[in-house]
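Some notes on this model follow, for reading beside the coordinates.

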Amino acid sequence: KMLGAPEVLSLNSLIIRTTGTKKVLDIGVFTGASALAAALAMPEDGHVLACDVSEEFTNKAKKYWKEANVDHKIKLVLAPAAETLQAALDNDEAETFDFAFIDADKGNYEIYYELTLKLLRKGGTIAFDNTLTGGRVLDDSDEQPNTVSFRSLNGKLAKDDRVYTVMMNIGDGLTLVTKL
């Protein structure tokens with residue numbers, strides 16, 4: 001259930017390949033499928049900044065990355081993602097990333113969005129996973145924390161003139177935004 005849907009990872013890979021992406025943010029690694037897909041889609045000089053807090057699950061990810069011979073492209077940081085993103089900003093990496101995939105703790109998506117938008121170059125893309133929450137975002141009576149968070153994020157993205165937004169019924173909902 002926590003692994004990215006294959007169609008989402010395939011679409012991410014397509015975007016990464018066709019846009020010549022060399023620098024990716026992967027926020028929410030789990031067992032590493034999304035970082036692996038990104039690393040495989042990028043040229044040899046590309047790299048992924050992978051953010052997660054679980055050493056247990058990311059140890060599995062490291063094995064898969066090594067097996068696929070892309071471990072040298074992936075820098076894993078075990079810390080809260082907001083801290084890692086802020087550190088990248090503090091390290092003068094603003095507007096240097098081409099693509100970001102956000103599939104982490106749902107209640108913090110808006111924080112990740114704001115930090116990621118600062119790190120993303122103009123024309124870069126952010127992909128948000130799970131934005132339809134099984135259709136629950138359409139039910140105003142559903143007050144589950146994740147549903148409320150996604151409802152808020154979806155409303156914000158729809159009105160944000162800094163980006164162009166497309167929501168798709170892929171996986172459990174995939175929203176793509178391109179920085180204008």
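1. Helices here are DSSP runs of H or I of at least four residues, numbered from the N terminus. The model is a predicted one.

2. Which residues of helix 3 are buried? They are Thr58, Ala61 and Trp65. Seen down the helix axis, these fall within an arc of 45°, so they line one face of helix 3. An α-helix has 3.6 residues a turn, so residues three or four places apart point the same way.

3. The buried residues of helix 3 pack against helix 2 (33-41), strand 2 (47-52) and strand 3 (74-78). On the face turned away from the buried side, helix 3 carries the exposed residues Glu56, Lys63, Lys66 and Glu67.

4. The N-terminal end of helix 3 is capped by serine 54, with a side-chain oxygen 3.5 Å from the backbone nitrogen of glutamate 56. Serine 54 sits in the loop between strand 2 and helix 3. Its relative accessible area is 17%, and buried means under 20%, so serine 54 counts as buried.

5. The largest nonpolar core has 28 residues, of which Ile27, Leu85, Tyr112, Tyr113, Ile126 and Phe128 touch the most other members. Elements giving two or more residues to this core include strand 1 (23-27), helix 4 (81-90), strand 5 (120-129) and helix 6 (145-159). Helix 5 supplies the largest share, 6 residues.

6. Leaving aside residues up to four places away in sequence, leucine 85 touches Leu25, Ile27, Cys51, Tyr112, Leu115, Thr116 and Leu119.

7. Overall, the protein chain has 6 helices and 7 strands, in the order α-β-α-β-α-β-α-β-α-β-α-β-β along the sequence. Its radius of gyration is 15 Å, close to the 16 Å that the globule rule gives for 180 residues, so the chain is as compact as a globular protein of that length. Along the principal axes, the C-alpha atoms fill a box of roughly 45 × 35 × 30 Å.

8. Of the 180 residues in the protein chain, 51% are buried. Among contacts between residues at least 6 apart in sequence, 68% join residues at least 24 apart.

Key: Residues numbered from 1 in each chain as written. Predicted model: local features only at pLDDT ≥ 70, side-chain atom pairs only at ≥ 80, totals over all residues. Heavy atoms only, no water. Buried < 20%, exposed > 50% of the residue type's maximum accessible area, 1.4 Å probe, protein only. Arc of directions from axis to C-beta. Contact = heavy atoms within 4.5 Å. Polar contact = N/O pair within 3.5 Å; in protein donor to acceptor, adjacent residues only side chain to side chain. Core = buried A, V, L, I, M, F, W, Y, C linked by side-chain atoms within 4.5 Å. Rg over C-alpha atoms; globule rule 2.2 N^0.38 Å.
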